[in-house]
Amino acid sequence: MSIKSLTKEWEPMAYGFLDASAKREIRRKTLKAIAVPGCQMPYASREVPMARGWGTGGLQISCTLINPQTTVKVIDQGADDSVNAASIRRFLSRVSGAPTTMDTLKADLIQSRHRIPEEKLREDQVLVLQVPNPEPLRPVQPNMSIARQMHADADYGRMWLQLYEQIVRSGRVMQGASYPSLVHGRFVMTPSPIPRWDVPKMHMAKHLTILSAGREKRLHAVPPFARVEPLVFDDVPYRVEDHGDLTCTRSGAKGYFMNEIPQDDGSSTYEVSDSELGVKTIRQRDGEGTAIGATWYEEGRMPQ
Amino acid sequence: MAYVATRGGERAIEQSQRLYREEMGAITPERVNELRQAMPYLIDRVMGEASLYDEDLAALALAQTGGELYEATLLLRAWRTTQPRLAVADPVTQDGLFTHRRISAAFKDIPGGQVLGPTLDYAHRILATEVLSGETHVPDPVTPAARPSPAHQPSVAAWQAENDLLTAAKPDQTTGNDIPDVTREPLLFPAKRAHTLQSLARAETGGVLALGYAAQRGYGQAHPTVNELRLAEAEIKVKHPRGTTFSAGRVKLSQAEVVNKKGTQLELGFAATMGWNEVKVIAAATLDVNSEGAAKGSATEEEFFLYHTEGVESSGFCIHFKLPHYVTFQSSLDAMRDAKAKKVAKDKAPEPAE
């Protein structure tokens, strides 16, 4: 036996790009984040070969979780084929040798920017959300030191006030995406800029969601079967985008979150935002045997 | 299939990169070499912001990005993050530096003397247009001074401390792997002194200048006087596992000490960075001296300027707005339209009877 036989061949880059100490730190912080749902855990956040703000937080989680057997799906704004999703998918596959897929049902690890797939995720799937700004208090308190203290005190009065002021001024809560939500009764989180449509998908979900902000160096998690409750007043119910009755002009799918496409004549058409669901719907329509999984929404309504 | 038209992201990425690189042409070792020799200050700036001292890699990064400084810095930092931390060098002290340039605006003369060194501060900024019409611009040769200036000089702050004008900083006894490293720990506030100085050293030059200048113009409480500005080389001494200490070479660095009168004492602001970058260290030291007691949320508060002068992060976030945002935008549109419809319905409703 020689030392050489006991060691690995020298490689110019660590498996999964990040070195072992970076991965260890992220794994520890992820475990902490799972143990304290919704609480932001600071982490060092290494520089990766991608610009900050382009999914470096999600990428570091994916690089930490990935192995050669992990089937990876990457979504950007609902689509697998947009340029950034393609770029991240190619990078993950390149540094890990992991197989990739666009099918939500076949994926083990899903890294996503701003959407949760319309097909329900299972216990064995992990959703990694890229988060540009993990601090829900930022609009009312841009100073991070004070905001951390407010979280510690569960002092969310200013957030409630902000929502109340929106109702008084505009007749409704004007928050678009990244709707502040209370996680398991303790921490208010910003669930990444996913539309309001997607927030109820996190409530008591079977899958683990890890939310990671590389530039802001914070990660937080929604463990399986955790409560995720959007901040709402008793008499003003939570409202998702009014997309339940819209039909996708490409696939005919109905009852999902849609992208509005402005037309030359001043009107709009719509296409389903979850592009792979659109593809599957078309395939099914054309008689190709494609399985579409159970979806969170039924007939455009979230079952109670 | 209807969706086919939208597929092709990977091919589009590939071709757009080719288009960009086509404009720059081939990157040859000669080009990298030429860049390193002809653009030393640009190389120094990128090395400082990347916190990686390697002139060849910096020149390569500049060649590869066509001189896009934010991209070049990111390339170097991403490469740096793949490298193991093998050893921690011995502390570098000010009087151990090999000084090339050292000036003081506080005193006419200082122990060790002022050394003008290489500078264009007093040059007339006139373009050498004759080069474009075919002449070669050959710099006049340097005439060495009759008496060479000493290579090592003490710090001005040390003299001020001796004369009870300044409270000297307590030497930090932390050594080796216990030294806080901002590349391996998150920056938290109140920040460790080591993290503050490391962040300022890596900060984006333009950003530091903008905020430092704001403080100098009156948006800060402390007015800086340059105690000492130094361009130097530092010997990097590393301990071998066998116990012997050896030199791993020299790195160029700049440092600035600024002082501000506060009551009967001077307070000290400090910044140092790898490479020669005078504007940055003066601006950074100005921010440092202004940070104590700065109001929360002001531009001279440590949290504010350390977050906002992080070039890789701020440039990355800025260009991320090029990515599609149609999901979030759609969500906002939905809320807007609904609020508008509600307002119309409310306006149309008859006034309630008195």
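Reader: What is the strand order of the open sheet of six strands in chain A?
Author: This is a predicted model, in which local features need pLDDT of at least 70, side-chain atom pairs count only at pLDDT 80 or more, and totals for chains, interfaces and linings use all residues. Residues are numbered from 1 along each chain as its sequence is written, chains are lettered from A and ligands numbered from 1 in the order written, and side-chain values use heavy atoms, without hydrogens and water. Strands are DSSP runs of E, at least two residues, and helices runs of H or I, at least four, numbered from the N terminus; two strands pair if DSSP finds at least two bridges between them. The pairing is mixed, and the order is β1-β8-β7-β4-β3-β2.

Reader: Which are the edge strands?
Author: An edge strand here pairs on one side only. β2(A) is joined to β3 (residues 109-113) of chain A by five bridges, running parallel. The edge strands are β1 (41-42) and β2 (72-76) of chain A.

Reader: Which residue in β3(A) stands opposite V72(A)?
Author: β3(A) is one of the strands that α4(A) lies across. The residue opposite V72(A) is L109(A).

Reader: How many salt bridges does the rule find across the interface of chain B and chain A?
Author: A salt bridge is a side-chain nitrogen of Lys or Arg within 4 Å of a carboxyl oxygen of Asp or Glu. D338(B) and R172(A) meet this way, at 2.7 Å, N to O. Across the interface the count is nine.

Conventions: Contact means heavy atoms within 4.5 Å. Axes are lines fitted to C-alpha atoms, for helices over the stretch in contact, and angles run from 0 to 180 degrees between N-to-C directions.
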